[in-house]
Amino acid sequence: MTASAQAPAHDLPLVSPELVTELLELARAQGGEFAEVYAERGVHSGLALEENRLRHAQYSVHQGVGVRVIAGEQTGYAYADGFDPGDLREAARVAARIARGASAGARPPAFRVVDAPPPFVLHEPAPLTLETEAKADMLQRANAAARGHDARVHEVSASMADSSRRFLVANSDGVWAEDTMFLARLTVSVVAADGQVRQHGLATGGGSVEARYFTAERPPESIALDAATSAVTLLAAREPDAGSWPVVVAPGWGGVMVHECFGHSMEGDGIRKHSSIRATQRGQLVAAPCVTIVDSGRVPFSRGSFRVDDEGTPAQRTVLVQDGILVGYMWDVLNARLANERPTGNGRRASYREFPLCRMTNTWIEPGPHAPGELIASVDRGLYCKHLAGGSVNPADGNFSFQVTEAWRIERGRLTEPVRNATLTGNGNDAMLKIDAVANDLVIDGTTGSCGKDGQWKPVGVGQPTVRFTGITVGGTRT
Amino acid sequence: MSLASDVARAPGDREALARLAADAVARARRAGADEAEALIEHTHAFTVRVHGGAIESLKQSGTLGLGLRVIAGRRVGFVSGNDLRPESLDDLAAHAVALSRYATADEANALPTPDEAGTGDAPDLELDDPAIAALAPERRIEMALTLERVALAADPRIHRTDGAHVSTHFGDAALANSHGVARAWGASAIRAYVVPLADDRDGKQQSGAYGMVQRQLRDLADLEAIAREAARRAVARIGARPVPTARVPVVLHPDVAGAWIAEMHAAFGGDQHLKGTSWLLGRVGSRIGSELFTLVDDGRMAKGAGSEPWDGEGVATRRNVLVDRGRMAMLLYDTYHAHRAGARSTGSAVRSYAGVPFIGPHTLYVAAGTDSPEAILSRVDRGFYMDDQGSYGFDDVTGDYSYQAQGFWVERGEKRFPVEGVTVASNSLDMLDRIVAVGSDLEFESSIASPTLLIGEMTISGS
C-alpha cells in the first residue's frame, strides 16, 4: 500500500478488519444494499498573530467513525466520536434503520486493498516537519515584511494552520482504502491606511506541501509582500463603473469562476436528480469552442488532491468539457450507482461526522493559444480582475457572483488605474459561452480554496490561464 | 454516549458535564497553567432530507467535545478534542501548557473572574424545549415530506424541489474556569426549510427557498404556510431579467436587510477598534445613520435563536444596543479586548468548544418601525425591491456593499416584473444615512432579524 505522503509503516489500521467486517454486517442487518465504514483521526494546529503579538497557539485532535447505509436512493448515516467498539456498533445499528427490511446482514466479500499510485509524494510534509517554533518565526517574519513594505501599512494579521488527516474507508463491496493527507496554509492580511482611507489586502501560501515550500518556493516574506502591495495599491483605487463590460480575469485563483459558474452544475447529485440544467446537455455546446474544462484529484501539491477519495475511489482526471462540448460528469458512489455510471473519485466529506457528497477536486480551464497580454491589448474599455475573493452560485437558477478585491481599469488596451470592490454577476447557464479568448499561462491554485456544499467545507484547487469574457455585469456605485 | 436513545438526554447529564469541566480545569492547573478554562458541549442532532416524495437521507449524531484554554505566564494555549478519558485530558492539558510558551506574553490575557463574569442565576430564556427531543423520528420525517408535498402542489409550474429538510438539535454545555466561574446550560432548536423549483422559459428554472429555525417547537410556523411561501418565491421569479444601470431607491426585504446587519456586526467589535480597522472607527457616541435605525444584539432575548445565558467565557450575556436611533451607542468586548480597552466584557464572546472565543453576535436585530411593508413599497415611484443576494460582496474594512441581487422592478408603488442579473452597490455609511423607512414586519426566524428597510438611493448595475 502506498500513501500520498509517507505514513509510519508500523501504524495499525484505525479500526481492525474484524471489527469493520462486523460493523458492515450490522449496518446491512435491515436489508441495506450497501454499507460503508469510515474512520478518521484528524489533527489540526494553528498559530495566530495580530497587533504584533502571537495571540495564541492551538491544537486539536478529533477522531471517530461514521457508518453509512444505502437502500435504494436513501442514505442512513450515524457516527460515533472515538473508537469505542460499543459506540461503533450502535452507530451501525442506527444507520441500518434507513432500510426497513429484516434480512440478515450479509458478510462482505474479502477486502481488496486499493493500491492506486499516489499523485505525488511528500518526503517532509510541512505539518510533521515544522516545529511550533519555526511556525511562530514564520509569522513574525511575515509581520515584519508587511510592516516594512510601506509606512502606510497600518495593521497586519497572520496565521499558520496545518493539519493531518488519516482515514480508513471500507465498504460492503470489499473496498479497503487507507490514506494520510497533510495540509498547511499561511495567510497574511494587511490593512493600509492613508488619512481616512483604509484598504485591505490578503495573500496566502500553502497546499499539500513540504516544509521547504515555505523556504524555497513561497517564503512568508513573499506572501506578506503580496498582501501589503495589494492593500497599499487599493488606497488609490477608484470605485468600479457600473454596467456590463469586457472582463479579463487573471490566471490561477480566478478559476473560482469556472468552479462556481460551471463545476457545481456538473456534480453527479444534481445530474442524477435532474436539478441541474446540465443533466440533459451531454454532447451539446455548453462553453465557447476555445474552452476545455478538467477536474482532477491528481494535481501535485494541491489542497484538492488525494490518492483515493473519501469513498476509496482512486483520484482521476475527468474531462468535463472538450472544446466547448459537454463530455463527462463527476460522480460519487451513490449517484454513480443510481445513474449507472462509474465513480470518478469525486466522493468527498468534511469529516467522519458527515456522509460523502459529490464534490469537485481541482477544477480548471485548459490553456489556449494566446499570450496573456493579447487579451488585454484588444479591449477598448473593460476590467482586469487581478484578485478575486470568494464567489457563490445558486445551482438551481444559475445566478452567480464574485467579489473582486483588486481590479484594474482597461482603457485602450492598457491597465490604467486600480479599481476596488467590484462584484461580478451573471448566470452560470451561459457564462462559459461568453469566453472569447484563453491565454497560454495556466496556473492551478491549490494553496487556499475551500468549497462549501450542504454545510460541508472541503479543500479544493481551482485554476485557469488568463481568460477574457465578452461582457459581464460589474457592480459598482459609479454610473 | 448513546446514539440509540433519540429521546431526551439522561437526567444529570448537565451535572456530569460540569464535573468533567471542573476536572479538566484541575488537571490543567496541575500541568502548570496559571489559569484554565474548560468548555464541554454534548449535542444530539437528527437531520432528515426528503426529495421526490421519499427520504433521501437520515442522519443521527451525538457529539461530545472539550475545549481547554490555559494561560501560563500571561501566554495563551488552546486545545480541543473529543477523547475525554482521564489520561487523554492529562495529555491535552500538558499540550496546552506547552503550546502557550510560543504565544506572546500579554497582561490583558486573563480569564474572567466571578465578579467580571456576573453573579446570580440566569433567567429562564426558554431556549430548551423538551418537546423537540421528544419528537418521534417518524414525525420529523413526515414534517419534511409535508413541506415538499405542499410546495409541489402549490403551483402547476412547480414540478421538482431541491429537497425539504427538517433537523433538530439539543444539547448541554458546561463551562468552568480556575477563578471559580461555573456554568451549565442547555438549548434546543428545530429547523425546517424547502427549496421548490419552478419551470422558466428555455429550460431554465427558478428556485425559491424558505424556512426557519426556532428554539420552541410551538414557534415553528405552520408547515403548509412555510411550503406555500417557498413556492410563491419560486414562481414569482419566473421571467426574471436584468434592468438597465440606474441610481434608485431600494427596498431591502427582511432577509437582505438581515444579511447586511450580520456583515455590519464586526464593525462594532472592540477588537477592530483597537486595531484601527473598523469602518466605524471613532464614531462611538456620534450619529452614524437615520434616526429610524436602532440595532440590538441581545444575548438574553427569550427564545432567541442566538440567545444563550452565558457567553463563550462564562460571562453573563445581556442586551446590547449598538445603534440607538441613529447614534452609535457602544462597542462589543470579550474579556481580553475589554482588558486592553479598560472596559468590561459585554458578554459577546462566541465560540464552539473546538475554538477560542471571538467577538460575535447573539440574537441580532433591527428594532421594528411603524410602516407596513406595503406602505413602504407604495412610497417607491421607481426603484428596486431586493429580496435575494449572492454570498460575497461586503468589505469589512471600508463598509462597501456590492451584491449580486434578485428581486422586482418597482414603479408607482407596485412590483412590475422580476429581476435578476444585476448588482446593488453602496457604502454602509451612506446606506445607514439614507434609511427612509423601517417596516413593522420584524419576525424572528433565525438568529438575525430585520424588518423591511427602504434605502433612499443605491446603484443598480445591469444591462
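At what angle do helix H4 (residues 132-149) and helix H6 (residues 220-234) of chain A pack? Their angle is about 40 degrees, and their axes are 8 Å apart. This is a predicted model, in which local features need pLDDT of at least 70, side-chain atom pairs count only at pLDDT 80 or more, and totals for chains, interfaces and linings use all residues. Residues are numbered from 1 along each chain as its sequence is written, while chains are lettered from A and ligands numbered from 1 in the order in which they are written.

## The helix pair in chain A

Helices (H or I, at least four residues) and strands (E, at least two) are DSSP runs, numbered from the N terminus. The axes are lines fitted to C-alpha atoms, for helices over the stretch in contact, and angles run from 0 to 180 degrees between N-to-C directions. H4(A) passes H6(A) in a right-handed crossing; a crossing is right-handed if the near helix is turned clockwise from the far one by less than a right angle, and left-handed if anticlockwise.

Residues that H4(A) brings to this contact include A:Met138, A:Arg141 and A:Ala142, and among those from H6(A) are A:Pro220, A:Glu221 and A:Ile223. Here two residues are in contact if their C-beta atoms, placed from the backbone, lie within 7 Å. The residues of this helix contact divide into 10 nonpolar, 2 polar and 2 charged. In this count Ala, Val, Leu, Ile, Met, Phe, Trp, Tyr, Cys and Pro are nonpolar, Asp, Glu, Lys and Arg are charged, and the others, Gly among them, are polar.

A:Leu235 touches A:Arg152, A:Ala192, A:Asp194, A:Val197 and A:Gln199, leaving out residues up to four places away in sequence. A:Leu235 and A:Asp194 are 41 residues apart in sequence, yet their C-alpha atoms are 7.1 Å apart in space.

A:Ala48 is found in strand E1 (residues 34-50) of chain A. A:Ala48 is in contact with A:Arg55, A:His56 and A:Ser159, leaving aside neighbours within four places in sequence. A:Ala48 and A:Ala136 are 88 residues apart in sequence and 8.6 Å apart in space, C-alpha to C-alpha.

In the loop between E1 and E2 of chain A, A:Glu51 has a positive phi near 45 degrees, in a residue other than glycine. A:Asn52 is found in that loop between E1 and E2, and its phi is positive too, at about 65 degrees, although A:Asn52 is not a glycine.

The table gives the burial of these residues. A residue is buried if 20 or more other C-beta atoms lie within 10 Å of its own, exposed if 12 or fewer, and partly exposed in between, with C-beta atoms placed from the backbone.

| Residue | Other C-beta atoms within 10 Å | Class |
|---|---|---|
| A:Ala48 | 20 C-beta atoms | buried |
| A:Leu235 | 17 C-beta atoms | partly exposed |
| A:Glu51 | 16 C-beta atoms | partly exposed |
| A:Asn52 | 12 C-beta atoms | exposed |

## Where the chains meet

Chain A has 71 residues in contact with 69 residues of chain B. On the side of chain A that touches chain B, strand E2 (residues 53-71) of chain A gives the most, with 12 residues. By class, that side has 22 nonpolar, 35 polar and 14 charged residues.

Two strands pair if DSSP finds at least two bridges between them. In this pair, A:Gly76 stands opposite B:Leu58.

## The nonpolar core

The largest nonpolar core has 288 residues, and those with the most contacts inside it are A:Ala95, B:Ala21, B:Ala38, B:Leu68 and B:Leu147. Such a core is a set of buried Ala, Val, Leu, Ile, Met, Phe, Trp, Tyr and Cys residues joined through C-beta atoms within 7 Å. Strand E6 (residues 175-194) of chain A gives the largest share of this core, 12 residues.

## Strands of chain B

Of the 12 residues of strand E16 (residues 400-411) of chain B, 11 are buried, so this strand is largely enclosed by the rest of the structure. Strand E15 (residues 382-389) of chain B runs antiparallel to E16(B), joined by 7 bridges. E16(B) and strand E17 (residues 414-427) of chain B are also antiparallel, with 11 bridges. In the hairpin of E16(B) and E17(B), B:Arg412 takes a positive phi near 45 degrees.
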